[in-house]
Amino acid sequence: MSKTAPPEIKDPIIEVEHLDFYYGTEKALHGIDLLFPRRHVTALIGPSGCGKSTLLRCFNRMNDLIDISEVQGNILLNGANIYESATDVIELRRRVGMVFQKSNPFPKSIYENVVYGLRIAGVKNKTVLAETAERSLKGAALWDEVKDRLNQSALGLSGGQMQRLCIARAIAVNPEVILMDEPCSALDPKSTSRVEELIGKLRNDYTIIIVTHNMQQAARVSDYTAFLYEGHLVEFGLTEQMFMKPAKKQTEDYITGRFG
Amino acid sequence: MQKYWRTGEPYVWATGAALSLTLLIALTLIVVVMINGLGVFWPDDLEQATLKSGRTLLGEVVKREPAASGEGYRKQYKIGNRDIYGLDFRWVDEADIEALAQPADAFILEREEYGNFYGYLQSLDVGGLAPESSSDDAARLFAAHERVRELKEDVEDLEDAVSGLSYQLENIRRQLLEAEYQGLGPNHPKVEALEREQAILQDDFRQLVDRINSETRQLRQYHATFTEADGQQRDIALADIVRAYRPNQMDFVQKVGVYLSKLKELFLADPRESNTEGGLFPAIFGTVLLIFTMSLFSFPLGVIAAIYLREYAREGLLVRLVRIAVNNLAGIPSIVYGIFGLGFFIYGIGGTIDRLFFPEMLPTPTYGTGGLLWASLTLALLTVPVVIVATEEALGAIPREIREGSLALGSTKFQTLVRILLPMSSPGIMTGLILAMARAAGEVAPLMITGVVKLAPTLPIDGNFPFLHLDRKFMHLGFHIYDIGFQSPNVEAAKPMVFVTTLLLVLIVLVMSSVAIRLRNKMKKRYTFGTF
């Protein structure tokens, strides 16, 4: 088996440098080194508990919410270390948006959900808010379905619509990176394919990092794939290459469904 | 058989039975109170009984039960006329009764003093208040009585003016004391000015009192002579009569009229006859105001404490201990809170306020004595655990994804709290407040030592600056029940009022909780699934 060299990535948006992550005394990530290409979709795959969600949550420092977590190593966003003490976490989270596994619209109107990020940032101009709402909902391919009921509760939407609303909410603040944590795992196939289409559209403007359990999905939507196993990065490469011709036996076994 | 047990059906039955039993007990309580309370104001017919001994009595039949001897029945009459008989009630064996009648011209007079009078109108001396020519004496009595009531209201207005004046005088007295305390001599211009003002006010005061006295004297000239059943006569000033009517002549509509007028009196008038008659307005007012001020203290305190405990405090041994302590606070007997309120709020804080700000008044306490403020603070302390627990639970029930969703959009913890968490937990917080209010409304023990009185001379809100006087003592329905039910010299006569007061207290709690529940349901609709 010929070993494929890791792809050369010019102008990475996120650089992970020897990242160790601990939950208390338990080490969840072991020395991860990774580069994420700008304006591409990168999928993180691996069996449950391999640390892919943990890694994802490191990029917007969501893990800070867990008291016992500890990070060693560096993550650079556009060359600046986000784990420096000078980093403004609020600002970071505005630049790195996130879409969660379970859709989590706020108990507010559809409109208020979309403009939430702007409102908390202090935007009061009504035209700006309305324009952003329309642009984001169009960007999330939801505009046509909800344009007549923007003032109704977001909780009245279907599961797939809610998830697209959450994507609209994330892109409303114009982030550089969108993190997606198994965004389709709670959706039916039809809604899943709509979200996947949406990801395909968004890759032109945003860098997307998506965690998924679904091999087909990773193959369909991503340009690059990283395979994690028990906290170690096993393999990283172009998705096409990895799925056609994985470099490592472990990867091959996982992708073909022999374990995991 | 085993299968029957395995299906769990008996347990379902048992749970159902437990619920029904609880409901039944509560329902019985409400029904008993309603039956006894709602009927109190209905004007019953008067019955005149001629006894075999030759005596006659006139009164309302209160009760009928088997006689103690085991044969026949005996009746309890409310015969009133306390000033003549000494007792309001009398038991009579039916065997001793010679004849029964329902005389149409029998009067019930509700009086300012000595309770009801039952008897017949003999003669009338009302001067020019009712034209001599017009119809019969009874009609003239009613006309004159109405006129007297109007005149009396004018006198009461004067009395209000007097109490306003005495409030001003009290203020001046306080300022004089303060001046003296500051060491200003009697010749100091400030003192002299105050004394001049005082003299003017005192003059006004005397004039007003004189006018009231003369008008009252004049009013008391109008009187009527009544005979009681056995023929004794009594002169009764019309000014002493609250209400006069002949129940045996009245049709249903007229009786409803009397009922409603008594109900109006209950809600709007002051109590009389050591609280066993008259209205409950000061007690209703005191109860509602107490609950409101209590909520004002307990609601923010509890919610903010719970927010810190749930959202900001680092989970650990200390927080767990605090949580246990808070839960235990809810189990402390209320009288202990009362004692704490007395020691800490009244003697501690109130006493310090007095020493610092009102030293000229000492040894008379200003804030160092029971009052609405201290009672509501004590109750707030008592109910704050309920609010804390409810708020904590409401906050804890919000899914983690919602918090993370907000934080991931770049909001601070505080923004998340204000914009997302608090609105979402508001129904739960409201539930806590409802429980707290219901608990506060039912508490009596801690109030008894922190400011409740049997009869408060003034309401905590009046027209004198600063309008809301939280340092004043107040009346309370719960204490009222205890007072008239168990502390009254004439327990039998007070009994109807106990039921009425209980009914009213239950009603107030019901009204306040339903308003709060409506509010909560609105919030629930808004912040959980559904429409706006």
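Before the helices, a word on angles: axes are lines fitted to C-alpha atoms, for helices over the stretch in contact, and angles run from 0 to 180 degrees between N-to-C directions. Helices (H or I, at least four residues) and strands (E, at least two) are DSSP runs numbered from the N terminus. What I am showing is a predicted model, in which local features need pLDDT of at least 70 and side-chain atom pairs count only at pLDDT 80 or more, while totals for chains, interfaces and linings use all residues. Residues are numbered from 1 along each chain as its sequence is written, and chains are lettered from A and ligands numbered from 1 in the order in which they are written.

Let me start with a helix pair in chain A. The axes of helix α3 (residues 110-120) and helix α4 (residues 126-139) of chain A come within 9 Å and cross at roughly 110 degrees. α3(A) and α4(A) are therefore roughly perpendicular to each other, on a scale where angles under 35 degrees count as roughly parallel, over 145 as roughly antiparallel, 65 to 115 as roughly perpendicular and the rest as oblique. The crossing of α3(A) past α4(A) is right-handed, where right-handed is said if the near helix is turned clockwise from the far one by less than a right angle, and left-handed if anticlockwise. On the α3(A) side the contact is made by Y111(A), V114(A), V115(A) and L118(A), and on the α4(A) side by L129(A), T132(A), A133(A), S136(A) and L137(A); two residues are in contact here if their C-beta atoms, placed from the backbone, lie within 7 Å. By class, this contact of α3(A) with α4(A) holds seven nonpolar, two polar and no charged residues, with Ala, Val, Leu, Ile, Met, Phe, Trp, Tyr, Cys and Pro counted as nonpolar, Asp, Glu, Lys and Arg as charged, and the others, Gly among them, as polar.

How enclosed is α3(A) by the rest of the structure? Largely so, because nine of its eleven residues are buried, a residue being buried if 20 or more other C-beta atoms lie within 10 Å of its own, exposed if 12 or fewer, and partly exposed in between, with C-beta atoms placed from the backbone. Among the buried residues of α3(A) are E112(A) and N113(A), as well as I110(A) and I120(A). The buried residues of α3(A) pack against α4, α5 (143-146) and α6 of chain A, together with α12 of chain B. Just after α3(A), G122(A) takes a positive phi of about 95 degrees.

Next, the sheet in chain A. The order of this open sheet of six strands is β6-β7-β8-β3-β9-β10 (chain A), and its pairing is mixed; two strands pair if DSSP finds at least two bridges between them. At the edges stand β6 and β10 (232-238) of chain A, each with a single partner strand, so one side of each is left without a neighbour in the sheet. Direction ignored, neighbouring strands of this sheet are turned by 15 degrees against each other on average. Strand β6 (residues 96-99) of chain A sends V96(A) and M98(A) one way and G97(A) and V99(A) the other way, and all are buried. Four bridges join β6(A) to strand β7 (residues 177-181) of chain A, and the two run parallel; M98(A) has L179(A) as its bridge partner in β7(A). β7(A) is in turn joined by five bridges to strand β8 (residues 207-211) of chain A, again running parallel, and D181(A) stands opposite V211(A) in β8(A). Helix α6 (residues 159-172) of chain A packs on the sheet, touching β6 and β7 of chain A, and its direction makes about 175 degrees with that of β6(A).

Now to chain B and the interface. Which helix gives the most to the side of chain B that touches chain A? In total, 21 residues of chain B are in contact with 24 residues of chain A, and α11 and α12 (413-442) of chain B each supply at least two residues of that side. α11(B) gives the most, with six residues. The side of chain B that touches chain A has nine nonpolar, eight polar and four charged residues.

R403(B) is found in helix α11 (residues 400-408) of chain B, and it counts as buried because it has 20 C-beta neighbours inside 10 Å. Leaving aside its neighbours within four places in sequence, R403(B) is in contact with I398(B) and T416(B).
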